[in-house]
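Here is a short briefing for a reader meeting this structure for the first time. Start with the view below, then work through the topics in turn.

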Amino acid sequence: VRRPGFVAVDLGATSGRVMLGIMGSESESEGPPSKVELVECGRFANGPRADDDGALRWDVRALWGGILDGLRSAGRVASERGVEIRGVGVDSWAIDHAFLDASGDLVADPFCYRDPRTDGVADEVYRRIPFADHYAVNGLQHLPFTTEFQLVAGVSTGSTTEKTGSASGGEWARAEQLLLIPDLIGYWLTGRRVAEVTNASTTGLLDARTRTWSAELLGRLAAEYPELAGLRDRLPELVEPGAAVGHLLPEVQEATGLGDVPVLAIASHDTASAVAATPLRDGAAYISSGTWSLVGLELPAPVLTKASRAANFTNELGLDGTVRYLRNVMGLWVLDECVRAWSADDGAPVDLPGLLDAAAAEPGGRCLVDVDGDEFLAPGDMPRRVSDAVARLGVDLPGTRPALVRVILDSLAASSARAISDASSLAGVVVSAVHVVGGGSQNELLCRLTSKAAGLPVIAGPVEATALGNVLVQARAVGVVSGDLAALRDVVRSSVALRRYDPEPVR
Ligand code: ADP
Ligand code: LRH
């Protein structure tokens, strides 16, 4: 009998990967599998690119090429390993979206949320529909680039479009359908258009209490911005994780060598899949650490209080009716952008582990910059922007790379610790440990600093939590594993090694 396997297509802001999750082990021939083994079948670079007009966009066709290659090699690995591929699931970063025209073709490459066309738009929207009215329904923290604000920027003429010189208003006029990124890939794989609910919860257009599109917010938006009156008709039908989306189209089967494999809805917001596969126990907080650090708690229901709103906590939707109560902390973006700039200066890639070792040898606590400031959102020139922020604090920092990296990581750890303590008091949960998952869980210095700043043990891993969450939700959807979130997390615990850091003093 062939072991079941599920393919996770996981698109991050820095890289896309295609992972084959093989259920069970050689010794486990009977009964439900207690483990999953992840095999990387493809990895391709990703990042926002400036188009000819200077607008920051995602090259989704390049991603599609990487996905097809990855699916092809997943098929090869599966046949070598005696695995039957039973499903494909797609997740990505949230918020960004594509428009399809009347023929179902892409209107343009999707904008990246870091494109400056949304500068000032949220405040303009809040003057007409107050933040409090938004929060009472969608429960989202203020982020300047939420889908709603991107849509408003796209139909506003004048200053917003002049910022990039791009004719985004014209793009909306041609749009027949709005699809979030994983749903766009799902459409290309199957021909079916849906909106998966965990990711839809990041658009600002969903009601966090009912998990459905908010007629109230859509109605008020249409009243204020008549160009967006047709928005409701352009939003696809919502599906929950576990639903069947469709089957690989014949042309995709041909291009990948895969057969008639089902495509399954999973928690398609990467953070939702990552949290689903975080081996949380009661009282544990999490940090999904990658381009962003998503810091918070899993809760059974949204917290929509005034205090929560003032603290800018979000209520994004999670698996099995849960809420991801968290704050976006700027994350490794700031470090990665510095590394990118230094690599360009050197004409060779900077050795990240070496740089982190050097930063660990630097004295800590020289200063803390507010890494969450909007000034760090855009790409480019990051070392100078961070140095300027340090200079504004009146601190005389040695002008070395390790010194700057240490300030960035000290600041990130402090911001995460603040978010954990805020979440704890706002939700009334006593936090006993912090789980760190994602690429950043490999950053030992950051794990140690976070443990120290929060005064809590940090449990690091899995690195590929998102792909694991993606695979496990598929496996459950077709009945290969069963049970609630706790049962899925037991499978994670038996599949990966976790590392623990205790809050000992760090220099
Ligand atoms: P995303 O999904 O947002 O693209 P990932 O979860 O893949 O992000 O995390 C990517 C980040 O993880 C990198 O940008 C880097 O900062 C960090 N990282 C990756 N490998 C290592 C490593 N060996 N040591 C420390 N940090 C690492
Ligand atoms: C992390 C993430 C995060 C969103 C951001 C746009 O990859 O999905 O949860 O806020 O990207």
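Which of the 17 residues around ligand 1 come nearest? They are Gly12, Thr14, Gly290, Thr291 and Gly439. Keep in mind that this is a predicted model.

**Around the ligands**

- Two elements give two or more residues to the shell around ligand 1: α14 (333-346) and α15 (352-360).
- Of the elements, α15 gives the most to that shell, with three residues.
- By type, the shell around ligand 1 divides into six nonpolar, 10 polar and one charged.
- Ligand 2 has 14 residues around it.
- Trp93, Ala94, Ile95, Thr271 and Trp292 come nearest to ligand 2.
- The shell around ligand 2 holds seven nonpolar residues, six polar and one charged.

**Overall build**

- The protein has 20 helices and 21 strands.
- Its radius of gyration is 22 Å, close to the 23 Å that the globule rule gives for 507 residues, so the protein is as compact as a globular protein of that length.
- The C-alpha trace spans about 65 × 60 × 50 Å along its principal axes.
- Of the 507 residues, 51% count as buried.
- Take the contacts with a separation of 6 or more: residues 24 or more positions apart account for 74% of them.

**The core**

- In soluble globular proteins, nonpolar side chains tend to be buried together.
- Here, the largest nonpolar core has 153 residues.
- Val7, Ala276, Val386, Ile408 and Leu472 have the most contacts inside this core.
- Helix α17 (residues 401-427) gives the most to the core, with 12 residues.
- Val386 touches Val334, Cys338, Val369, Leu404, Val407 and Ile408, leaving out residues up to four places away in sequence.

**A covered helix**

- Helix α4 (residues 147-155) is mostly covered, with eight of its nine residues buried.
- The buried residues of α4 are Thr147, Glu148, Phe149, Gln150, Leu151, Val152, Ala153 and Gly154.

**Strand β15 and its partners**

- Strand β15 (residues 284-289) is mostly covered too: five of its six residues are buried.
- β15 runs parallel to strand β19 (residues 433-437), and five bridges join the two.
- Within this pairing, Ala285 stands opposite Val434 in β19.
- β15 runs antiparallel to strand β16 (residues 293-299), with four bridges between them.
- Tyr286 has Gly296 as its bridge partner in β16.
- A hairpin of three residues joins β15 to β16.

**Gly438, a loop residue**

- Gly438 lies in the loop between β19 and α18 (444-454).
- Is Gly438 buried or exposed? Gly438 counts as buried, because it has 30 C-beta neighbours inside 10 Å and the cut-off for a buried residue is 20 or more.
- Beyond its neighbours within four places in sequence, Gly438 is in contact with Ala274, Ser288, Ser289, Gly290, Val463 and Ala465.
- One of these contacts, Gly290, is also among the residues that come nearest to ligand 1.
- Gly438 and Ala460 are 22 residues apart in sequence, and their C-alpha atoms are 8.8 Å apart in space.

Notes
Residues numbered from 1 in each chain as written. Chains lettered and ligands numbered in written order. Predicted model: local features only at pLDDT ≥ 70, side-chain atom pairs only at ≥ 80, totals over all residues. Core = buried A, V, L, I, M, F, W, Y, C linked by C-beta atoms within 7 Å. Buried ≥ 20, exposed ≤ 12 C-beta atoms within 10 Å, placed from the backbone. Contact = placed C-beta atoms within 7 Å. Pairing = 2+ DSSP bridges. Near = placed C-beta within 6 Å. Nonpolar A, V, L, I, M, F, W, Y, C, P; charged D, E, K, R; others polar. Rg over C-alpha atoms; globule rule 2.2 N^0.38 Å.
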